[in-house]
2 protein chains.
Amino acid sequence: MTPGSPDARAVSEVVALYAAAWDEHDEAARRELLERSWADAGVYCDPTAVVEGREALVAHLGAFLASGAGARVVVTSGVDEHDGFLRFAWQVVGADGSLQFEGMDFGELDEDGRLRRIVGFFGPFPPADRAG
Amino acid sequence: MTPGSPDARAVSEVVALYAAAWDEHDEAARRELLERSWADAGVYCDPTAVVEGREALVAHLGAFLASGAGARVVVTSGVDEHDGFLRFAWQVVGADGSLQFEGMDFGELDEDGRLRRIVGFFGPFPPADRAG
């Protein structure tokens, strides 16, 4: 997919809606953001959680927001997509603007262009000898 | 999955076998490396190619090696895995050791612990305004 093409813009918009849900305290508004960006049965996972289905994700993000003491998720890269798969980088930023941690997400789109999977990884790539 | 655990070592070994196949000019030896690391019907894709099935990947890597003028793929990070998904970083290095390009791969494991999918992305994450 060519950067700047309508399709690339659509992919970026879906990710922007999804990211906005991570910062939306109002449950109904959060659900609406995910209805536009997340497949009904989409699966989210990261090293700490597996969340199956949009409604479960609405609740999971609510728990994140309730526990986060003002922390926000900020997408820090563009969205790179090919073959229905995508990647982007993000940071969690504290209420005071300080970097709390960073990571990267890999996603899959469904036929409607919504996210049917996000796999999140925390931190940069591990060093080459990590599991050696 | 805990770094250094037997399972993490197994995941790293599977990726090492897969990476070795990218540098194995002997077709039979390349096939054997992929038999140990790649699912029969595994799908590889990057921005330039979609390759379905192990035997097609044996041929695809052969074409890469034939065209590469001595370039080699080197895995430059550890392998980070959770929930059957993994990531690692790599570089393509020229015969003279120079960096030609770099990228990152995201993978999925099957029940046997072999790769059933690799999605490759080229370069670092795009800048935040790429598709804006």
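**View 1. Salt bridge between A:Asp40 and A:Arg114 in the predicted model.** The closest N and O atoms of A:Asp40 and A:Arg114 are 3.8 Å apart (salt bridge: a side-chain nitrogen of Lys or Arg within 4 Å of a carboxyl oxygen of Asp or Glu). A:Asp40 lies in strand 1 of chain A and A:Arg114 in the loop between strand 6 and strand 7, 74 residues apart (strands: DSSP runs of E, at least two residues; helices: H or I, at least four; both numbered from the N terminus). A:Asp40 is exposed, at 53% relative accessibility (buried is under 20%, exposed over 50%, partly exposed in between; 1.4 Å probe, protein chains only). A:Arg54 and A:Asp112 join A:Asp40 and A:Arg114 in a network of salt bridges.

**View 2. Salt bridge between B:Arg114 and B:Asp40.** The N to O distance is 3.8 Å. B:Asp40, in strand 1 (residues 38–46) of chain B, is 74 residues from B:Arg114. B:Asp40 is exposed, at 54% relative accessibility.

**View 3. Salt bridge between B:Arg31 and B:Glu27.** The closest N and O atoms are 2.9 Å apart. Both residues belong to helix 2 (residues 27–37) of chain B; they are four residues apart, so about one helical turn separates them. B:Arg31 is partly exposed at 22%, as is B:Glu27 at 43%.

**View 4. Contact between chain A and chain B.** Here 38 residues of chain A are in contact with 37 residues of chain B (heavy atoms within 4.5 Å).

Residues are numbered from 1 along each chain as written, and chains are lettered from A in the order written. Local features need pLDDT of at least 70 and side-chain atom pairs pLDDT 80 or more, with totals for interfaces using all residues; side-chain values use heavy atoms, without hydrogens and water.
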